[in-house]
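Please look through the structure shown below with this briefing at hand. The notes begin with one residue and then move on, topic by topic.

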Amino acid sequence: MTRARPARVPAGPSLSRRSLLRGAALGAGGLGAASLAGCGAVGSSGTTPLAFWNFFTGGDGERMVDLINSYRDEAPGVDVTDTTLLWGSPYYTKLAMACEGGRAPDLASLHASRLATFGQELVDPWDTDELAARGITMDQFPTPVVERVTVDGQIKALPLDTHPLVLFYNTRVCEEAGLLAPDGSLAPLDSAEAFLDAGRRAAEVTGVNGVAYGTGDALASFMLFWSLFRQLGGEMELPDGGPAEVDRDAVVEAMAFVQTMCDGTIASRTQDGPGAPAAFAGEQAGFLLIGPWEVITAQNAGIPFSMTQFPALFGDTPYVRADSHSLVLPTQAATDPEVRAAAYDMAASMLKNSLLWAEGGHIPALSAVAESPEYLALEPQSNYRGAAEVAEFDPSAYFAGSGSTFMSRAGQSLQGVGSGALTPEQGADDLIGWVDEQLSLGSPVRSAR
């Protein structure tokens, strides 16, 4: 049975395009709203309806359902409707339009890297007093993540996790290659030369490649590139209107490392995204460079493996590209206090139960979970927890972030370099030239208002 939405009081009117869109949306539902006048937030069966949108499928999707069901058990008076949409552009476009039209869900997932667009006017700030009342304070989160979710001094997203680039390694292959420390863990790889040498030695054991790496995959290649670029001290500022302020030398050096690694022996010049974890699972490579979510793939393969934090190949600090699955309060034409309170309750519940979420490889954002004995005993997932403190997010721009046009286009440049079709210098100019062109177009989000 479909439950009626609660009556809500529209926000004050203005003449902006956004308000007009919202007005149109409210107008379309005007008859329903009138019939619910005086009903408050309580549905016909005495429960509070709460709409939640997310983009998690596969194993993450199953764990997300478990988190939602945990909240359902805690709050039988709240009727949660969870909707899963295809992640990337389809999800973010639909969420943005829903916010603009005033028909957004009450709670939604969002990559923190997407706040350049959503953080301005499409999501409401979290009230830190309301969070504190539920035992959540911002000093319980990693500093880099808090900085990323803070927009104009307000908390615009509540971090559920940090998910960085990590290094998987096959313990049997690495043992035969002489790459393990006495305690059985991976011996330190503290320079670019040491990493490349380890890749060559692992390739001698596998007879195929040393490192499984998605040369042709935008996400994998960007995660590696951005980690190296930041370790090299590279800065990239993307101001509206451009031009981009980019440390070109660092771009070239990071791309040169990628090209050296993708020599056909250390890593393939043409491997695609799905092929890299498959090659590692088939023991055709001693290492795998990808996000921690592939832990389930490796576990299901039954191979001897472990995981560690992506090392510092340049400089002393192991900066690493990461993002954070976060929870946001999409801006609505009007909010009901009872429904909004339920959204706070559900978010707090999901954070406190995120040990379950960590089984999928994600580092819990909430320190009470990340420092718990249960999480510390979760191996290999807890081996790389220090990455949350050196997380490097994507540059801030309306076209950047996880699953963005920027990531896709950067992947093209990096694929050209990795395959040998472009020199690192040509790859750098190709990427920087595209960024300048994109910036000159201006943000369609801002210009629409």
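N209 is buried, with a relative accessible area of 9%, where buried means under 20% relative accessible area, exposed means over 50% and partly exposed lies in between, using a 1.4 Å probe and protein chains only. The residue is found in the loop between α9 (192–206) and β10 (211–212), helices (H or I, at least four residues) and strands (E, at least two) being DSSP runs numbered from the N terminus. The model is predicted, and local features need pLDDT of at least 70, side-chain atom pairs count only at pLDDT 80 or more, and totals for chains, interfaces and linings use all residues. Residues are numbered from 1 along each chain as its sequence is written, and side-chain values use heavy atoms, with hydrogens and water left out.

**The protein as a whole**

- The protein has 20 helices and 18 strands, and 54% of its 449 residues count as buried.
- Among contacts between residues at least 6 apart in sequence, 77% join residues at least 24 apart.

- Four strands form an open sheet in the order β17-β8-β15-β18, with mixed pairing, two strands being paired if DSSP finds at least two bridges between them.
- The edge strands are β17 (363–364) and β18, each of which pairs on one side only.
- Strands β8 and β15 run antiparallel and are joined by two bridges, and the bridge partner of H163 in β15 is D323.
- T162 is found in strand β8 (residues 161–164) and is buried, with a relative accessible area of 0%.
- Apart from neighbours within four places in sequence, T162 is in contact with residues including A322, D323, I363 and A391.
- Helix α10 lies across β8, β15 and β18, running at about 125° to β15, where axes are lines fitted to C-alpha atoms, for helices over the stretch in contact, and angles run from 0 to 180 degrees between N-to-C directions.

**Helix α18**

- The 15 residues of helix α18 (residues 405–419) should span 21 Å at 1.5 Å a residue, and this agrees with its end C-alpha atoms, which are 21 Å apart; the expected span is 1.5 Å times one less than the number of residues.
- The buried residues of α18 include F406, M407, R409 and L414, and the buried residues of this helix pack against α10 (218–231), β11 (236–237), α11 (248–261), β15 (320–323) and α19 (424–441).
- After α18 comes G420, whose phi is positive, near 90°.

**Aromatic pairs**

- A search of the whole structure finds 22 aromatic pairs, in which rings of Phe, Tyr and Trp (its six-membered ring) have centres within 6.5 Å, with planes under 30 degrees apart counted as stacked, over 60 as edge-to-face and the rest as tilted.
- F168 and F280 form an edge-to-face pair, 5.9 Å centre to centre and with 65° between the planes.
- This pair links distant parts of the chain, with F168 in strand β9 (residues 166–170) and F280 in helix α12 (residues 275–281), 112 residues apart, and both F168 and F280 are buried.
- F399 and F406 form a tilted pair, 6.2 Å centre to centre and with 55° between the planes, and both F399 and F406 are buried.
- Ring pairs link F222, F225, W226, F229, Y398, F399, F406 and W434 into a cluster.

**Backbone features in loops**

- The peptide bond from G242 to P243 is cis, with omega near 0°, and P243 has its place in the loop between β11 and β12 (245–246).
- D152 has a positive phi of about 50° although it is not a glycine, and D152 is exposed, with a relative accessible area of 70%.

Conventions:
Contact means heavy atoms within 4.5 Å.
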